Amino acid sequence: MARYLVTGGCGFIGSHLVERLLAAGHEVRVLDDLSTGKRENLPDGVPVTLGDVADAAAVEAAMRGVDGCFHLAAVASVDRSREAWLETHHANLSGTIAVFDAARRARSGGPVPVVYASSAAVYGDNPDMPLTEDAATRPLSAYGADKLGCELHARVADGVHGVPTTGFRFFNVFGPRQDPKSPYSGVISIFAGRIVKGQPITINGDGEQVRDFVYVKDLVRYLTAAMDKPQAGAPVYNVCTGIPTSVNRLAEVLADISGRPLDRSYGPGRPGDIRVSIGDPSRLVAAFGMACEVSLEDGLRETLAWL
Ligand code: NAD
Ligand code: UD2
C-alpha cells in the first residue's frame, strides 16, 4: 500500500485514476480547485484539498509524506488557452513547476516520483504521421507550448534535482465523466451528450480532420504502471492507439450506436485546429508491455451508458 497525491483528481481523467488506485488498495488524497472537476466524481471519503496547483504552499502541504504524485491538474482546453493565455499558463506550467519543486522535499527519504500529463498538442502542426516521440515538437497553441514547457522542466527536475518523472503525451481521451455540458470539453462528450438528447451537433470545418481517440480506462493503466517503476532521464511516452478517426465518422458511429438520428451542420473551422493527429504507440507498448485494448465502439457504448 502506498500513499499518493493526485492533482486534478476531481476531473475526468483524475477521477478514473483515483478509482484505480483505491481498487489497488492505495491511500489517495487530491488537490483540486474544482474549476472543471467535481467532488461527486470521487467516492465519499477521498480527502480533497481545495487549492490552486500554482500555489506553492498549497502544493507543499498536500504533498507532505506521500510516496508519489500524479499531476493532472491543468486547464485542459486549447480554446481556453487562447482566451486566457496568462491565466492558463499559471495553471499549466507554473503549476507543474510547483509540483516538481515540492516533490524535492515531500518526504524525508528523498524526492518523490511524479507522473504527469503532457499532450499530443506538443506536436502542433508536425505532419509526420504517425507521430513518434522523436518527432519535432511544434506547438500551435499556448496550451501545447505550456505542455512542452512541462516536459522541459521535467528534465530539470530529474537532472538537477533528482526527482524521477514520467510524462505522457495523451492523445484525445474520452469516456464517462468527461463533461458533456462544457463548451471546452472533448468532441466525443459534446457530440454524445447532444445526440442522445436528439439535439443537433456542429462540425467545425469539413469534418475530415482526424484524431487518435484513447479510452480513459486504458490510459490510467499506464499512469499507475509508470509510478510502479520510476525511470531516470525524464522519459516521455505517447498514449495513443495509432488508429485514425475523422470527426465525420465519429458522429456517424455515435448516432449508429445510440440508435438516434444524426442532425449535423457544418460551421467554420476552429482557429488553430490541428488537421491530423495520430500517434505511434510503439514506444509505449515496448516500455509497458501492453497496448490500448478498448475499441472506439466499446468505449463509446460505455460513455453513452454513463450519460
Ligand atoms: P479536467 O478538466 O476534467 O481535469 C482537470 C482537473 O484539474 C479538474 O478537476 C480541474 O478542476 C483541476 N484544475 C484545473 N486547474 C487547476 C488549478 N489551477 N489548481 C488545481 N486544480 C486545477 O480535464 P482532463 O481531461 O481530466 O485532463 C487531465 C489532464 O490531462 C490535464 O493535464 C490535461 O491537460 C491532460 N490532457 C487531457 C487530454 C484529453 O483528451 N482529455 C488530452 C491531453 C492531455
Ligand atoms: C484535444 C484535447 C487537448 C489537447 C489536444 C491534443 C480535449 C478537450 N482537448 O484537443 O487537451 O491535449 O487534444 O492534440 O480533449 N469539434 C467539432 N465540433 C465540436 C467540438 C469539436 O467539430 O462541437 C472538432 C474540433 O474542431 C477538432 C476535433 O473535433 O477538430 C477534436 O476537438 P477536441 O476539442 O475534442 O480536441 P482537440 O484535438 O482540439
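Biologist: Which residue forms a salt bridge with Glu-293?

Modeller: Happy to start there. This is a predicted model, where local features need pLDDT of at least 70, side-chain atom pairs count only at pLDDT 80 or more, and totals for chains, interfaces and linings use all residues. Residues are numbered from 1 along each chain as its sequence is written, and side-chain values use heavy atoms, with hydrogens and water left out. A salt bridge needs a side-chain nitrogen of Lys or Arg within 4 Å of a carboxyl oxygen of Asp or Glu; here the closest N and O atoms are 3.7 Å apart, and the partner of Glu-293 is Arg-221.

Biologist: Thanks! How many salt bridges does the rule find across the interface of domain 1 and domain 2?

Modeller: The domain assignment, automatic or from a database, gives domain 1 as 3-172 + 214-239 and domain 2 as 175-211 + 243-278 + 291-306. Across their interface, the count of salt bridges is four.

Biologist: Which element gives the largest share of the side of domain 1 that touches domain 2?

Modeller: Helices (DSSP H or I runs, at least four residues) and strands (E, at least two) are numbered from the N terminus. Those giving two or more residues to this side are H1 (12-23), H3 (78-83), strand E10 (213-215) and helix H7 (216-228). With five residues, the largest share comes from H7.

Biologist: And how much area do the two domains bury between them?

Modeller: In contact (heavy atoms within 4.5 Å) are 26 residues of domain 1 and 21 residues of domain 2. Buried area is the accessible area (1.4 Å probe) that two parts lose on being put together, summed over both. Carbon and sulfur atoms carry 53% of it, and the total is about 2,100 Å².

Note on methods: Chains lettered and ligands numbered in written order.
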